[in-house]
Amino acid sequence: MGTRISCIFVFAAGVCLLAGCASHGEQVLQGEWLQPVPGMAPLRQGFRLEADGTAGSVGMATLQYETWRWQGDDLLLSGRSIGNGQTIRMVDTLRIVRLTADTLVVARGTDEEVFVRNK
């Protein structure tokens, strides 16, 4: 019986640890992440991630992010793509390759993009 209780305790502690890591990770992701606009160096584009799960696009009029969430290794940005007279609901799935306090590297397929936290 003692071994079973020990196993349950270890399992519960592991679940709490994982939940804490996810919560901490989400806190690290919160903020504004920017990169240079390709071919237009001084201009920057990216997204803003709020604590309440809302998101916003920065410097991208045709891509309007509304919400975000972290699922496994993926950052999911939901919103609307606006162009050619139509609006399409979309979810942009970005695989998180690396996350530090000031740098976010994400992948779309085989292409990687680097974002820097706007301070």
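**View 1. Y65 in its buried setting.** Y65 has 6% relative accessibility and therefore counts as buried. Buried means under 20% relative accessible area, exposed means over 50%, and partly exposed lies in between (1.4 Å probe, protein chains only). The model is predicted: local features need pLDDT of at least 70, side-chain atom pairs count only at pLDDT 80 or more, and totals for chains, interfaces and linings use all residues. Residues are numbered from 1 along each chain as its sequence is written, and side-chain values use heavy atoms, with hydrogens and water left out.

**View 2. The aromatic cluster of F47, Y65 and F115.** Ring pairs link F47, Y65 and F115 into a cluster. Rings of Phe, Tyr and Trp (its six-membered ring) pair if their centres lie within 6.5 Å; planes under 30 degrees apart count as stacked, over 60 as edge-to-face and the rest as tilted. Two aromatic pairs turn up in a search of the whole structure. The F47 and Y65 ring centres are 6.2 Å apart and the planes stand at 90 degrees, so this pair is edge-to-face. F47 belongs to strand β2 and Y65 to strand β4, so the pair ties together parts 18 residues apart in sequence. F47 counts as buried because its relative accessibility is 2%. F47 and F115 make a tilted pair, with 4.9 Å from centre to centre and 55 degrees between the planes. This pair links distant parts of the chain, from F47 in strand β2 to F115 in strand β8, 68 residues apart. F115, like F47, is buried.

**View 3. Q45 and its contacts.** Q45 is found in strand β2 (residues 40-49). Its relative accessibility is 15%, so Q45 counts as buried. Neighbours within four places in sequence are left aside here; Q45 is then in contact with W33, L34, Q35, P36, V37, P38, V58, G59, M60 and F115. Contact means heavy atoms within 4.5 Å.

View 4. Eight strands form an open sheet in the order β3-β2-β1-β8-β7-β6-β5-β4, with antiparallel pairing. β3 (55-58) and β4 (63-71) stand at the edges with a single partner strand each, so one side of each has no neighbour in the sheet. From one strand to the next, the twist averages 30 degrees. For such angles, axes are lines fitted to C-alpha atoms, for helices over the stretch in contact, and values run from 0 to 180 degrees between N-to-C directions. Helices (H or I, at least four residues) and strands (E, at least two) are DSSP runs, numbered from the N terminus. Two strands pair if DSSP finds at least two bridges between them.

**View 5. Where β1 meets β8.** Strand β1 (residues 31-37) and strand β8 (residues 111-117) run antiparallel and are joined by two bridges. W33 stands opposite R117 in β8.

**View 6. The hairpins around β6.** Strand β5 (residues 74-83) pairs with strand β6 (residues 86-99) in the antiparallel sense over 10 bridges. G79 stands opposite M90 in β6. The hairpin of β5 and β6 has two residues between the strands, and there N84 takes a positive phi near 50 degrees. On to β7: four bridges join β6 to strand β7 (residues 103-108), and the two run antiparallel. R95 faces A107 in β7, standing opposite. The hairpin of β6 and β7 has three residues between the strands.
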